[in-house]
Amino acid sequence: MSTEPDLRDHVRAFPFPFTQDTYRYSINLGPAGQPVQTSAGQWGDSVVHIDGRYSEELAQRRDILRRDPSRRQVLAHMRPAAWDAMLTLMLELSLAYPDTMMLHREAAGRFHWINRRAGIDQRFAYGDPRTLPQEPLAFIGDQVQEDIVLLDQREAQLFVDAGLVCFASNWSFGFNLGMSFLQVHGPVPRIHDTGIAARAETFAMRLQPGEPYRRTNWSLSVGGRLDQSTETYPEWGPARGRTLDLEDAAFGAEVHLRVEVQHLVRLAESGCVMFLIRTYQLPLEVIAQVEPWRDRLAAVLAELPEDMADYKGFLAYRDRAADWLRARAPAAP
């Protein structure tokens, strides 16, 4: 395995998502904040996670927003939820990283926020935009690696009515803005016939403040690019079609296992649901060096139904990926 410290740390904290040799869509929600042991390390002990790519990923987000401000939108009725989300994330950061992140409550709804890692020392009055250098979702979105979606709950449904999403995986936050939960998940195969989508929404609507839950989602991607939104498809989509022409070494370096750790958090003040998406990626050449991961991913890919592989966007090179991983197994003595 590479000796680069950042890569070693990234492998140790990688949320390998499979517990068996087959995969089907499921709600797969569990309580947040409980560490998960893997064959290479551990993940999941906090709702927000900062790693060695903090500065790099935040710089990418700033660049994306500069080119496409529509990646951050807050409908008018969601402005209170944006303040609620900002304060909630500050609390989570201060719990997870007390040496560098501190939130102090002062008198009359005023707070003092310190983020030493980002060089921020900011006093503000909750709900008063004049006391922040940016609107609240922009301010906190520049300090966490997670994408943020805010769901309004009304008419016995959830609606995507605000967010900051720069690292989407083949979907568009701008297109989904204002849609219901079930509309957003309309294209996903199998989850409607099985009732998974409806059960997931019901679960999310029953969330209570202070009881966050999490799940994982996954796919394969080419090139390790975080921003794979539909808006930028011409920049990353064509690479999918070139994978079969790559030499073996290049294939293992270019094809990545992409995993999202998704948290659902009921916001206490506004009552909205905050959906956090943190994206991790490792190339197959690194996955192959962790034997249980190599064998399990190969098995999952080989068995995955065609419609699911097609929706996830890797049907064209699914078989080669499985074969590539199996070929890296040590020869029998």
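**Close-up views of a predicted model**

**View 1. Strand β4 and its partner β9.** In strand β9, L164 is the bridge partner of R72. This view, like those that follow, is taken from a predicted model. Strands β4 and β9 (residues 157-164) run antiparallel and are joined by 3 bridges.

**View 2. Helix α3 and its buried residues.** Helix α3 spans residues 79-96, a total of 18 residues. From its first C-alpha to its last it reaches 26 Å, close to the 26 Å expected at 1.5 Å a residue. The buried residues of α3 are A81, A82, W83, D84, A85, M86, L87, T88, L89, M90, L93 and S94.

**View 3. The packing of helices α12 and α14.** Two packed helices are described by the angle between their axes and the distance between the axes. For α12 (residues 291-303) and α14 (residues 315-327), the angle is about 155° and the axes are 8 Å apart. Angles over 145 degrees count as roughly antiparallel, and α12 and α14 are therefore roughly antiparallel to each other. The crossing of α12 past α14 is left-handed. On α12, the contact is made by R294, L297, A298, A299, L301 and A302; on α14, by R318, A321, A322, L325 and R326.

Conventions: Residues numbered from 1 in each chain as written. Predicted model: local features only at pLDDT ≥ 70, side-chain atom pairs only at ≥ 80, totals over all residues. Heavy atoms only, no water. Helix = DSSP H or I, 4+ residues; strand = E, 2+ residues; numbered from the N terminus. Expected span 1.5 Å × (residues − 1). Buried < 20%, exposed > 50% of the residue type's maximum accessible area, 1.4 Å probe, protein only. Pairing = 2+ DSSP bridges. Axes fitted to C-alpha atoms, helices over the stretch in contact; angles between N-to-C directions. Parallel < 35°, antiparallel > 145°, perpendicular 65-115°, else oblique. Left-handed = near helix turned anticlockwise from the far one by under 90°. Contact = heavy atoms within 4.5 Å.
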